[in-house]
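Hi,

Here is the structure I promised to pass on. Have it open while you read, and I'll walk you through what turned up.

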Amino acid sequence: MLRIAIVDESPIRAAILEDGLREAGFTQVERIAETRNLLARVYALDPDVILIDLESPSRDMLEQMFQMSRAVKRPVAMFVDQSDSASIRAAVDAGVSAYIVDGLKKERITSILDLCISRFNAFARLQGELDRAKDALEERKVIDRAKGVLMKAKKLSEEEAYALMRKTAMNENKKIVDIAQSLLTAAELFK
Amino acid sequence: MSNAKLRIGYIPLVDAAALIVAVDMGFAAAERLDVELVREVSWSNVRDKLNIGLFDAAQLLSPVVIASSLGIGHVRVPIIAPFNLGLNGNAITVSPRLFSSLSGLADGDIADPIVSARALARLVDGRKARGVAPLTFGMTFPFSNHNYQLRFWMAAGGVDPDEDVRLVVLPPPYMVESLANGHVDGFCVGAPWNSVAVDSGVGRILHFGCEIMARASEKVLAVREHWAAENNETLGHLVRALTEAGAFIDAPNNRPAAAAAVARRLGVEVDLVTRSLVGNLKIAPDGATRTDDRYIIIGQRDASRPDPVQAAWLYAQMVRWGQAPMSEDLTATASAAFRPDLYDAALGVTPSAGVGEPRDRVGGFIGPTFDPSDIVGHLASWRIKRPGRPRLSVVR
């Protein structure tokens, strides 16, 4: 059974990845979130495959393993084989990198890597949706506050205030949230 | 003709200055290049993205170009350096505690690297006798001047860098914190991180890199050999843009503008960058400074022209420390990774004989002059080394 270590500072993504690997039948999966003593943790786990997030600066720390074959029981090599550059490109594009033990069958690695790529991409989509939802919420807050300012200053109803901002936005070819933001900035200046 | 689009990877360090100034101050555009500078977090990423073609070019540690061309520690991808982004720029910084221990054991001026290295040897012996854990030093990458300069310095005093201390790879942004929390006792890193450690009161600069080696190729512009052959014209434009940017940075009147552009990309204080560029560094939290016009050399003294002697010297370090086997073939491959011919062709200049100092183009603070045609003889003169048992295999 392959031992797999996941080095990822994002606990949610690491969990998603671990679930996927377990579903695929890889039961020996360990997560490392701490970069302190990273090498010691890796040596202790002695994994066959190390998956690491490319956004983590600690990737360079792993490179030191090549230098210390005395310390690792088995040498580790990075899976960048030019004969398979398409799947490596896909992995790097998705933000994941894999280190594997020498002599491991390529097909096994490819299936793990493919799984990682789809999980990483799924996580990125999820993150994107979350960010957009957050942005939408922020925008609504700005518009609501601007509406309040207009209602008070011009003695308008809520609907009238909103209609005024929408009309201005259309006339100036801008987004309503930008008009709302300018309004709030101006109101701040007039205080 | 439309502009050539290029994606170039870099790490936020002062020696990315020529790239940053070329892109942000219009020198690349003047050469009809549309460059996207992509900020990266690790040298492994920069190397891999260059290798697999996600980057057209990259700022790279000079030794990584050689390691990649030789196929040591990683797969073999022929990478070449047509432009040298910077010489020197590193420093060895130690914790205030280690500095005071070394000062107490020094038999001369601690600013002299042989004095500090011997003091380190005494300290190491004392700690061994008392059964105290070995000192730990951080460096940025196995194939880096930071690694080789630390080793060169401590070995000169009689300290075996593999047996007597621990050398650990640490990403530059983690260096200062690791020194502050005692994870490491010292480190060798590039600008601006030594200054950051001094400014935050957790470190003291012991030596500039140029006090260990007077002239060391630190970062180069790296491209795949295939890419260079297929994009000869674009490469020429890029080399010219970088040359213009280097000349701009070197002119004292332009320093404030250049430093501001670099600081913006790095997200640090302008003053920190200026101090690095002029080589006037605060070395101690109490405000003491040290000045050396060799501290970092960008765009001057023939610095931008890749020097195959420098490449051979870096290969010799790989052999000395057991990273690479010794052979004439590998020596030739390593030297050929640095391409002054492409630099000369881009600028339309005749090959220069090079500046005459230091005489061997390297200028180690101790030891015989370096002769690239006799690396075996050169290495024989060093007592501390890892001879004959490279721990890395050559991957082809």
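Let's begin with one term: two strands pair if DSSP finds at least two bridges between them. With that in hand, look at Leu60(B), which stands opposite Val220(B) in strand 10 of chain B. The strands concerned are strand 3 (residues 57-61) and strand 10 (residues 217-224) of chain B, and they pair in the antiparallel sense over four bridges. Before we go on, keep in mind that this is a predicted model.

**Chain B overall**

Chain B has 18 helices and 13 strands. Its radius of gyration is 20 Å, close to the 21 Å that the globule rule gives for 396 residues, so chain B is as compact as a globular protein of that length. The C-alpha trace of chain B spans about 70 × 45 × 35 Å along its principal axes.

Moving in from strand 2, you get to strand 1 (residues 4-10) of chain B, which runs parallel to strand 2 and is joined to it by seven bridges.

**The five-stranded sheet**

Chain B has another open sheet, this one of five strands in the order 7-6-8-5-9, also with mixed pairing. Strand 7 (166-169) and strand 9 (204-208) of chain B each have a single partner strand, so one side of each is left without a neighbour in the sheet. From one strand to the next, the twist averages 25°.

Strand 9 of chain B is joined by four bridges to strand 5 (residues 90-94) of chain B, and the two run antiparallel. In that pair, Val94(B) stands opposite Arg204(B). Helix 8 (residues 172-180) of chain B packs on this sheet, where it touches strand 6 (136-139) and strand 8 of chain B. The direction of helix 8 makes about 155° with that of strand 8 of chain B.

**Helices against helices**

With helix 16 (residues 328-336) of chain B, it packs at an angle of about 130°, with the axes 9 Å apart. That makes helix 4 of chain B oblique to helix 16 of chain B, and their crossing is right-handed. Ile66(B), Ser69(B) and Leu70(B) on the helix 4 side meet Leu330(B), Thr333(B) and Ala334(B) on the helix 16 side. Sorted by type, the residues of this contact are four nonpolar, two polar and no charged.

With helix 15 (residues 308-320) of chain B, helix 4 of chain B packs at about 75°, the axes being 10 Å apart. Here the two helices are roughly perpendicular. Ser62(B), Pro63(B) and Ile66(B) of helix 4 make the contact with Ala311(B), Leu314(B) and Tyr315(B) of helix 15. How many of the residues in this contact are nonpolar, polar and charged? Five are nonpolar, one is polar and none is charged.

Now find helix 12 (residues 232-250) and helix 17 (residues 340-347) of chain B, whose axes come within 9 Å and cross at roughly 85°. That makes helix 12 of chain B roughly perpendicular to helix 17 of chain B. The residues that meet include Leu235(B) and Val239(B) from helix 12, and Leu342(B) and Tyr343(B) from helix 17. This contact divides into seven nonpolar, two polar and one charged.

**Two backbone details**

A cis peptide bond joins Ala191(B) and Pro192(B), with omega about 10°. Pro192(B) sits in the loop between strand 8 (186-190) and helix 9 (193-199) of chain B.

Over in chain A, Lys155(A) has a phi near 50°, a positive value in a residue other than glycine. You'll find Lys155(A) in the loop between helix 5 (106-154) and helix 6 (158-171) of chain A.

Cheers

Key
Residues are numbered from 1 along each chain as its sequence is written. Chains are lettered from A and ligands numbered from 1 in the order in which they are written. This is a predicted model: local features need pLDDT of at least 70, side-chain atom pairs count only at pLDDT 80 or more; totals for chains, interfaces and linings use all residues. Axes are lines fitted to C-alpha atoms, for helices over the stretch in contact, and angles run from 0 to 180 degrees between N-to-C directions. Angles under 35 degrees count as roughly parallel, over 145 as roughly antiparallel, 65 to 115 as roughly perpendicular and the rest as oblique. A crossing is left-handed if the near helix is turned anticlockwise from the far one by less than a right angle, and right-handed if clockwise. Two residues are in contact if their C-beta atoms, placed from the backbone, lie within 7 Å. Ala, Val, Leu, Ile, Met, Phe, Trp, Tyr, Cys and Pro count as nonpolar, Asp, Glu, Lys and Arg as charged, and the others, Gly among them, as polar. The radius of gyration is taken over C-alpha atoms; the globule rule is 2.2 Å times the number of residues to the power 0.38.
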